Amino acid sequence: MTEVKLNDIGEGMTEAEIMQILVEPGASVSVDEPLVEIQTDKLTAELPSPVAGVVEKIHAKVGDIVQVGNAVVTVSAAGETISEEHKTAQPSEGNSMGSRTNESAESGVNDELMPFNSKTGHVLAVPHTRKIARDLGVDIEHIQGTGPSGRVTEEDVYAFSAHPKSGVDNKTYESVRSEAGSAEPGLAESGLSQASQPESGALASSVRGIASASPAVRKLAREYGVDLADIRGSDGLGRIRAEDITAHQAGPAVTQSIVQTISAEVKSQEAKSSDAREIPFRGRRRAIAKKMSQSMFTIPHVTHFDEVDVTDIFAVKESLKKVDPEKNVSVAAFYIKALQFALQEVPIFNAKLDEENEVIRLEQEYNIGIAADTEDGLIVPVIKNVEKLSVFQIHTQMKQLIKKAKENRLTAADISDGTFTVSNVGPMGSTGATPIINYPECALMAFHKTKKTPVVRDNDEIVIRQVMNISMTFDHRVADGAKAVQFTNHFIKYIENPNLLLVDLG
């Protein structure tokens with residue numbers, strides 16, 4: 001039997017939502033036949049069958065959130081015996097996949113879910129967990145698993161990583177957490193995060209020194225001068241998040257005030273719930289929220305504002321259209337070309353910060369993402385290698401990608417490897433914003449509404465020009481305000497002097 005698992009099909013993907021189930025147990029399927037439709041924060045895709053055979057079991061239902069590395073469908077290859085149990089097995093109501101369910105482990109379908117794989121002699125863990133172990137430099141074979149059937153979990157790896165030599169293994173960590181949880185029965189039911197509670201009881205003291213947190217969160221703690229041992233994780237499994245550090249910095253009094261405010265708002269909303277129209281917070285909306293939070297809590301954002309005279313660019317656009325109506329190029333295509341030139345002159349904004357290896361990596365390609373508004377939410381297709389494209393080619397690719405985004409036809413390749421993002425909100429009417437960086441990039445520029453404005457020339461002459469505001473948000477860890485001004489000055493130079501675009505074309 002073959003377990004068809006959710007694999008990482010995009011940058012940093014960790015989970016996906018089941019949108020449609022396209023087969024039924026007992027159905028015959030061929031190689032590459034779609035089994036389920038999934039949706040991530042960036043795209044919708046079909047998960048195909050890698051083998052020809054019969055569907056034995058479907059491990060999820062529509063609406064479930066599935067973690068990368070977990071099984072979605074089990075298919076028996078042609079010639080294998082199909083069990084009646086598996087033919088009729090269905091996921092229970094309300095059950096979900098990934099870390100929220102032990103269904104696969106309990107089914108006995110896959111012998112990889114046994115505590116010790118008799119075939120390979122290795123401990124059991126999903127690929128995602130193994131990747132975390134490799135990233136942390138931990139030998140997963142030395143970890144005692146606490147998951148279903150003894151499987152090593154992500155939390156086991158973090159706990160072991162925190163105390164690799166002290167003899168305090170992850171089993172001890174789980175035991176301490178369990179005992180501490182019993183000592184504080186009211187904590188979970190209180191509705192308050194662990195971070196918001198006064199530090200007391202067995203948990204804080206017993207797990208001191210074995211705090212579970214990602215490398216990025218540890219880095220943030222070091223930058224704030226915070227000892228992770230003084231913080232309680234609030235993700236439900238005890239792992240510390242960036243929000244916990246922020247709350248810790250704010251202090252208990254402030255935190256308590258925030259909690260009380262939130263509690264009052266929740267009660268108020270509950271009182272009005274009978275009259276409210278509810279929108280499910282899931283799917284792409286939930287994924288976008290998660291990514292925005294990651295960006296805001298990880299990157300110190302600074303936004304620089306400026307204005308640019310686009311009169312001459314519009315004149316070029318109109319003259320091209322008169323010469324050849326087929327060359328009716330969007331002004332946004334000129335802006336993107338000008339950004340490429342500006343990025344070449346100030347490359348720090350075409351970069352990514354590798355916190356783990358403590359290096360700022362300057363990208364050699366200029367892959368410009370375009371923030372597109374769709375019915376399902378914001379999505380960012382990427383124009384690759386802008387340095388190799390003419391303004392007309394940029395225009396053509398931009399139109400194609402936006403069309404695919406609105407029709408929900410983007411592929412993983414269409415949305416990957418971006419190095420800088422633009423948001424063209426001007427056509428909708430806007431004079432300024434503080435855009436959130438498209439993590440893990442380090443800068444984003446928004447183009448706002450263009451309007452006719454009186455401008456005073458150097459000889460005190462007042463003229464009417466077309467002026468557009470721009471907002472440029474950048475990661476203050478990798479660059480300072482002076483660099484941002486330098487960068488936007490280069491951009492303005494190219495836009496206000498379109499002939500430079502022609503001179504600098506390679």
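Start by selecting helix α13 (residues 331-345) and helix α15 (residues 481-496), whose axes come within 8 Å and cross at roughly 135 degrees. Helices here are DSSP runs of H or I with at least four residues, strands are runs of E with at least two, and both are numbered from the N terminus. The axes are lines fitted to C-alpha atoms, for helices over the stretch in contact, and angles run from 0 to 180 degrees between N-to-C directions. This is a predicted model, in which local features need pLDDT of at least 70 and side-chain atom pairs count only at pLDDT 80 or more, while totals for chains, interfaces and linings use all residues. Residues are numbered from 1 along each chain as its sequence is written, and side-chain values use heavy atoms, with hydrogens and water left out.

Helices α13 and α15 are oblique to each other; angles under 35 degrees count as roughly parallel, over 145 as roughly antiparallel, 65 to 115 as roughly perpendicular and the rest as oblique. Their crossing is right-handed, the term for a near helix turned clockwise from the far one by less than a right angle.

Next, show the side chains between the two helices. On the α13 side, select Phe 334, Tyr 335, Ala 338, Leu 339, Phe 341, Ala 342, Leu 343 and Glu 345; they meet Phe 487, His 490, Phe 491, Lys 493, Tyr 494 and Ile 495 in α15. Contact means heavy atoms within 4.5 Å. The residues of this contact divide into 11 nonpolar, one polar and two charged. Ala, Val, Leu, Ile, Met, Phe, Trp, Tyr, Cys and Pro count as nonpolar, Asp, Glu, Lys and Arg as charged, and the others, Gly among them, as polar.

Now centre on Phe 491 in helix α15. Phe 491 is buried, at 0% relative accessibility. Buried means under 20% relative accessible area, exposed over 50%, and partly exposed in between (1.4 Å probe, protein chains only). Beyond its neighbours within four places in sequence, Phe 491 is in contact with Tyr 335, Ala 338, Leu 339, Ala 342, Met 445, Phe 447 and Ile 470.

Move on to the salt bridges, of which the structure holds 11. Each is a side-chain nitrogen of Lys or Arg within 4 Å of a carboxyl oxygen of Asp or Glu. Select Arg 465 and Asp 309, whose closest N and O atoms are 2.7 Å apart. This pair links distant parts of the chain, with Arg 465 in strand β18 (residues 462-475) and Asp 309 in strand β9 (residues 301-309), 156 residues apart. Arg 465 is buried at 15%, and Asp 309 is buried at 15% as well.

Arg 465 also meets Asp 312 in a salt bridge (3.4 Å, N to O). Asp 312 is in helix α12 (residues 311-323), 153 residues from Arg 465, and is partly exposed at 31%.

For another salt bridge, select Glu 407 and Lys 403 (2.8 Å, N to O). Glu 407 is partly exposed at 39%, and Lys 403 is partly exposed at 47%.
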